[in-house]
Amino acid sequence: MPTRTEGSAPPGDRVAWADVAKGACIVLVVLWHVVVKDYLRIDWRAGLPVPGAWGLLGEQLLPLRMPLFFAISGIFAANAVARPWRVSGRPRITRNLYLYAIWLLIHTALLALAPGFPTDRATDPGELLAQLTVTPSNLWYLYALALYFVLAKALRRVHPAVLLTAAGALSAVAATGLLDSPGNRGQVYQNLVFFLAGVRLKPYLTRWADGASTRRLAGTGAAYAIGLAAMGLAGVQSWPGAYLFVSVLAVAFGLTAAARLARHRLAGPALARLGRRTLGVYVIHMPVLALLDRLLAAPVAGLGGPGRALLVTVYPVLLTALVLALSLAAHRGLTVLGARWLFDLPRRRVHSNPEGETMPRIDGPALPDRTHVEEAARALSGRVVRTPVLHSPVIDRLAGARILLKAENLQDGGSYKMRGAMLAVGRLAAAGHTGVVAQSTGNHAVAVALAARRHGLAATVVLPVDAAPVKVDRARAAGARVVRAGTTVEERLAVARRIAEVEGHPLVDAYDHPDVVAGQGSASLELIEEAARRGTPLDALVVPVGGGGGIAGACLAVAGTPIQVYGVEPVGCDSLARSLAAGRPTPVAPAPSLADGLRPGCVGDLPFAVARTGVRGVVRVDDDAIVEAFRLLLLDLKVLVEPSGAAALAGALRLDEVSGPGSSGTGTRRTVGVVLTGGNVEADLVARLAGDPMTAGVAA
């Protein structure tokens with residue numbers, strides 16, 4: 001399915017049966033094209049009715065293939081319909097139209113080399129222009145997905161009953177042939193109702209699939225078969241509504257069958273894996289089939305002997321498998337060679353963080369809310385450490401307020417990144433994925449490796465060639481395969497993407513991911529709850545800012561409360577502060593800092609979308625302030641925190657210097673919560689920071 005769920009979708013929306021349905025749809029589409037564009041054109045001279053049977057089977061599956069495809073597409077698009085146009089327009093509209101135009105030009109050029117191959121293609125500029133605009137070609141599903149999403153979003157306030165009735169009427173009339181529908185425009189008319197049903201009826205369709213049983217499979221299969229028989233024998237296919245009714249029965253059967261297949265030990269994972277790779281097959285398979293038709297049709301037609309009867313029976317299956325394999329291989333080869341632009345919009349600039357978390361300027365995922373953080377906290381209960389909340393009278397006196405410190409340095413993996421990794425990887429595991437890929441210099445990679453081991457998934461983490469040995473060792477100890485690549489994020493990211501593409505495992509982003517944001521937010525939620533339990537509810541919450549996942553999670557955790565959220569950034573690494581001032585994510589050239597985990601090229605898109613209205617202000621701290629906080633935590637509380645985590649306390653001690661509208665001094669805040677985000681620090685750095693604070697930064 002050529003949507004943003006391809007390979008990198010929000011995990012919560014990926015369920016095994018939906019990917020199985022996608023995989024089954026692409027198999028059926030390729031099989032149909034094999035039968036009508038190659039197999040039935042061969043003079044088999046076999047004296048058997050087998051070719052006719054294959055043709056009949058393909059026709060009986062017509063009400064199932066594309067209606068099921070678009071129903072699943074609508075299910076995956078349901079959350080995106082609720083997002084702002086500026087967020088959802090690029091991945092759901094621009095991307096599909098871009099892919100349609102690119103591949104229409106490619107198909108036009110390649111299919112011109114096979115003039116005898118029976119498929120729609122433009123033969124002059126006028127026809128090409130028509131296909132690009134109002135008369136979609138055999139790539140019409142990309143055209144339709146963009147159009148359907150525009151309609152679904154524009155009409156989202158229309159009552160579902162009214163909307164689906166109108167779309168159903170359009171489908172019913174189009175199926176009669178009464179509408180002018182050159183090219184594949186008739187298909188566009190007929191299938192809109194199924195996409196809208198997926199969008200508007202997603203909870204009901206999901207429950208239907210989740211409740212699939214053998215009895216329901218038999219019942220829906222029988223209903224579909226009876227509907228096909230009645231339509232064919234009575235000759236009522238052209239009656240308004242008849243074909244639509246059978247298609248509805250077919251979709252009900254398809255959803256049930258996909259849910260049942262998803263539970264099969266062999267077929268389920270295989271189809272789900274294919275279902276996560278359908279875009280390449282959809283756009284590549286027609287030229288591949290045209291080539292194979294040119295190469296094989298004549299030799300096969302001239303084949304004699306006893307093997308001919310067997311071949312006439314199994315040829316469609318064999319050729320379908322070959323087309324699928326070659327299409328997948330071509331897709332993989334093109335992406336490895338750097339031609340990702342053939343399968344996705346050219347990427348906007350990518351900003352990076354030395355900690356390894358990247359913030360690509362591409363489409364934004366769905367914005368999570370406080371309920372997502374609460375759900376994350378419930379899901380993570382018992383799976384991550386509920387870290388203690390620490391308190392020091394000495395620190396209180398220095399701050400002029402009660403300071404409660406959430407010791408996430410004691411979290412599994414040594415940082416609060418374990419929370420987001422556990423949630424995201426857990427959902428990927430539940431969706432049927434068998435492995436994950438991450439790239440980082442430290443905390444994120446270790447967290448993903450640990451989470452993958454707990455869920456029985458393979459993990460590959462890409463680390464720089466000069467990565468700290470302790471972090472490499474921790475990732476390997478967690479069972480991850482460690483790949484060393486370059487010294488920059490861009491170098492690691494390129495390698496990680498190739499690995500993800502080749503192995504078919506999703507790349508787990510550390511900031512621009514709703515599960516990661518919600519997971520990190522669970523730390524702030526626990527701190528808020530603990531403060532309230534102690535009878536000292538928080539007035540403010542302070543979180544260090546790298547790519548912004550943690551502070552975005554904090555903003556969600558405090559939603560509906562009077563708690564104010566403040567960010568902390570090193571001097572010269574203040575992307576969030578500049579972004580809040582500019583009203584958009586703003587990159588910086590990070591200055592040197594002890595807090596290397598807080599040196600992003602730019603705050604992430606998703607975190608900024610949350611933080612822009614949730615952050616009260618940002619305080620900038622220098623290395624001296626970070627060292628002071630580090631020593632205070634180590635000597636007074638006997639707590640070892642990495643510089644990025646100590647920066648949070650440094651900021652809390654300097655809230656009077658905070659930048660942001662309406663900010664006020666520490667004295668107005670009776671209780672301030674501080675998230676100590678991690679404790680992964682090298683022994684030699686600890687020795688330097690614990691010594692003379694004036695020389696620690698220089699020595700580092």
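Residues are numbered from 1 along each chain as its sequence is written. In this predicted model, local features need pLDDT of at least 70 and side-chain atom pairs count only at pLDDT 80 or more, while totals for chains, interfaces and linings use all residues, and side-chain values use heavy atoms, with hydrogens and water left out.

Of the 6 residues in E4, 5 are buried; buried means under 20% relative accessible area, exposed over 50%, and partly exposed in between, with a 1.4 Å probe and protein chains only. E4 pairs with strand E3 (residues 389-391) in the antiparallel sense over 3 bridges, where pairing requires that DSSP finds at least two bridges between two strands. Here Val-389 stands opposite Lys-406 of E4. E4 is also joined by 6 bridges to strand E11 (residues 671-676), and these two run parallel. Leu-404 has Gly-673 in E11 as its bridge partner.

Helix H23 covers residues 549-557 and contains Leu-556. Leu-556 counts as buried because its relative accessible area is 7%.

Asp-622 lies in the loop between strand E10 (615-621) and helix H26 (623-636). Asp-622 counts as partly exposed because its relative accessibility is 39%.

Note on methods. Helices (H or I, at least four residues) and strands (E, at least two) are DSSP runs, numbered from the N terminus.
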